Amino acid sequence: MPRYDYRCRTCDDTFEVSRPMAESSAPADCPAGHSDTVKLLSAVAVGGTSSAPAPAMSGGGGGGGCCGGGGCG
C-alpha cells in the first residue's frame with residue numbers, strides 16, 4: 001500500500017499515512033489531531049536489479065541528439 005507524506009500547518013509536524021491510491025487525495029489529520037495538513041511531494045525510490053541486459057544502441061555508435069544522428073541542419 002502506498003505511503004503519502006503530509007505536513008501539519010498548525011504544529012509543523014511531518015508524518016506518513018498508508019492508504020490505497022484511490023484515497024490518495026483524501027484529507028489526513030496529523031497525529032496531534034490537527035486537520036490543517038498539506039500533502040507533500042515525495043521522491044520515488046526505485047531500486048533492485050534486472051536480469052535483462054541494457055538496450056544496445058543501433059547504428060554502430062553514440063550520438064543521436066534530437067534526431068537520432070541524422071544531422072540536424
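Student: Is Glu16 buried, partly exposed or exposed in this model?

Tutor: The model is a predicted one. Glu16 has a relative accessibility of 48%. Exposed residues must have over 50% and buried ones under 20%, so the class of Glu16 is partly exposed.

Student: With which residue does Glu16 form a salt bridge?

Tutor: Side chains of opposite charge can pair when their charged atoms come close. A salt bridge requires a side-chain nitrogen within 4 Å of a carboxyl oxygen. For Glu16, the closest N and O atoms of the pair are 3.9 Å apart, and the partner is Arg3.

Student: How many residues apart are Arg3 and Glu16?

Tutor: Arg3 belongs to strand E1, which covers residues 3-8. Glu16 belongs to strand E2, which covers residues 14-18. The pair thus links distant parts of the chain, and the separation is 13 residues.

Student: Is Arg3 buried or exposed?

Tutor: A residue counts as exposed when its relative accessible area is over 50%. The relative accessibility of Arg3 is 55%, so Arg3 is classed as exposed.

Student: What is the distance between the closest N and O atoms of Asp12 and Arg7?

Tutor: Asp12 is exposed, with a relative accessible area of 53%. Arg7 is partly exposed, at 29%. These two residues form a salt bridge, and the distance between their closest N and O atoms is 3.3 Å.

Student: Why does the pair of Asp36 and Arg9 tie together separate parts of the sequence, and how many residues apart are they?

Tutor: The side chains of Asp36 and Arg9 meet in a salt bridge, at 3.7 Å from N to O. Asp36 lies in the loop between E2 and strand E3 (37-39), whereas Arg9 lies in the loop between E1 and E2. The pair therefore ties together parts whose separation in sequence is 27 residues.

Student: How many salt bridges does the structure hold?

Tutor: One of them joins Arg3 and Glu16. Another joins Asp12 and Arg7, and Asp36 also meets Arg9 in this way. The total for the structure is three.

Student: Which strands are the edge strands of the sheet?

Tutor: The sheet is open, has three strands and shows antiparallel pairing. Its strand order is E2-E1-E3. An edge strand here pairs on one side only, and the edge strands are E2 and E3.

Student: Over how many bridges do E1 and E2 pair?

Tutor: Tyr4 stands opposite Val17 in E2. E1 and E2 pair in the antiparallel sense, and the number of bridges is five.

Notes. Residues numbered from 1 in each chain as written. Predicted model: local features only at pLDDT ≥ 70, side-chain atom pairs only at ≥ 80, totals over all residues. Heavy atoms only, no water. Helix = DSSP H or I, 4+ residues; strand = E, 2+ residues; numbered from the N terminus. Buried < 20%, exposed > 50% of the residue type's maximum accessible area, 1.4 Å probe, protein only. Pairing = 2+ DSSP bridges.
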